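I opened this notebook to keep track of what I looked up, one topic per entry.

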Amino acid sequence: MWHSFNSDSSNIGYNDVAGNFSVTLIDALDTFVILNDTVGFETAVHNVIKWVSFNVNTKPQVFETTIRALGGLLAAHLFANQTGQPFHLPWYRGELLSMAYDLGTRLLPAFGTPTGIPYARVRLVALT
């Protein structure tokens with residue numbers, strides 16, 4: 001059955017492509033690198049570390065979350081952690097890598113399917 005994607009807030013967990021965890025902020029991290037904006041990159045890294053949590057009761061799209069959030073965290077970690085290049089952040093202590101591990105662990109159940117094809121969505125918080 002086809003489901004319409006309307007603005008019904010009671011169905012936001014199903015319809016929320018962004019996963020309710022600031023995926024655009026994470027996705028923009030490497031954009032600052034491409035634009036050679038070191039100040040913007042540092043500010044965005046601070047904001048991601050301070051404000052983003054994956055401990056939310058939502059079912060984001062696995063593909064989008066993997067490429068945009070997981071990929072964004074890993075790429076930004078490499079830039080922030082690599083000495084000798086302009087985006088190195090001396091104060092950075094691997095927080096983005098820890099966040100990527102957390103997110104990856106939450107996404108992993110989507111890949112435990114009988115066919116090996118991942119589910120389109122996965123709940124980030126286990127229901128108790």
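Entry 1, helix 5 against helix 6. How do the axes of helix 5 and helix 6 cross, and within what distance do they come? The model I am reading is predicted. I looked up the pair and found the axes crossing at roughly 155° and coming within 8 Å. Angles over 145 degrees count as roughly antiparallel, so helix 5 and helix 6 are roughly antiparallel to each other. The crossing of helix 5 past helix 6 is left-handed. I then listed who makes the contact. Helix 5 contributes Thr 65, Thr 66, Ala 69, Leu 70, Leu 73, Leu 74, Ala 76 and His 77. Helix 6 contributes Leu 96, Leu 97, Met 99, Ala 100, Leu 103, Gly 104 and Leu 107. Sorted by class, the contact of helix 5 with helix 6 holds 11 nonpolar, four polar and no charged residues.

On the helix 4 side I noted Val 45, Val 48 and Ile 49; on the helix 6 side, Glu 95, Leu 96 and Met 99. By class, this contact has five nonpolar residues, no polar ones and one charged residue.

How many salt bridges does a search of the whole structure find? It finds two. I took Asp 27 and Arg 68 to begin with: their side chains meet in a salt bridge at 3.0 Å, N to O. Asp 27 sits in helix 2 (residues 23-27) and Arg 68 in helix 5 (residues 62-81), so the pair links distant parts of the chain, 41 residues apart. I checked accessibility for both partners. Asp 27 counts as partly exposed because its relative accessibility is 27%. Arg 68, at 21%, also counts as partly exposed, buried being under 20%.

The other bridge joins Asp 102 and Arg 106, with the closest N and O atoms 2.9 Å apart. Asp 102 and Arg 106 are four residues apart in helix 6, which means that about one helical turn separates them. Asp 102 has 28% relative accessibility and therefore counts as partly exposed.

Where does Asn 55 lie? I found Asn 55 in the loop between helix 4 and helix 5. Leaving aside neighbours within four places in sequence, I find Asn 55 in contact with Arg 106 and Val 125. Arg 106 is the residue that pairs with Asp 102 in a salt bridge. I also looked up Asn 55 and Ala 126: they are 71 residues apart in sequence, and their C-alpha atoms are 9.3 Å apart in space.

I ended with the overall figures. The secondary structure comes to six helices and zero strands, and the pattern along the sequence reads α-α-α-α-α-α. The protein has 128 residues, of which 34% count as buried. For contacts with a separation of 6 or more, I noted that 69% are between residues 24 or more positions apart.

Definitions and conventions:
Residues are numbered from 1 along each chain as its sequence is written. This is a predicted model: local features need pLDDT of at least 70, side-chain atom pairs count only at pLDDT 80 or more; totals for chains, interfaces and linings use all residues. Side-chain values use heavy atoms; hydrogens and water are left out. Contact means heavy atoms within 4.5 Å. Helices (H or I, at least four residues) and strands (E, at least two) are DSSP runs, numbered from the N terminus. Ala, Val, Leu, Ile, Met, Phe, Trp, Tyr, Cys and Pro count as nonpolar, Asp, Glu, Lys and Arg as charged, and the others, Gly among them, as polar. A salt bridge is a side-chain nitrogen of Lys or Arg within 4 Å of a carboxyl oxygen of Asp or Glu. Buried means under 20% relative accessible area, exposed over 50%, partly exposed in between (1.4 Å probe, protein chains only). Axes are lines fitted to C-alpha atoms, for helices over the stretch in contact, and angles run from 0 to 180 degrees between N-to-C directions. Angles under 35 degrees count as roughly parallel, over 145 as roughly antiparallel, 65 to 115 as roughly perpendicular and the rest as oblique. A crossing is left-handed if the near helix is turned anticlockwise from the far one by less than a right angle, and right-handed if clockwise.
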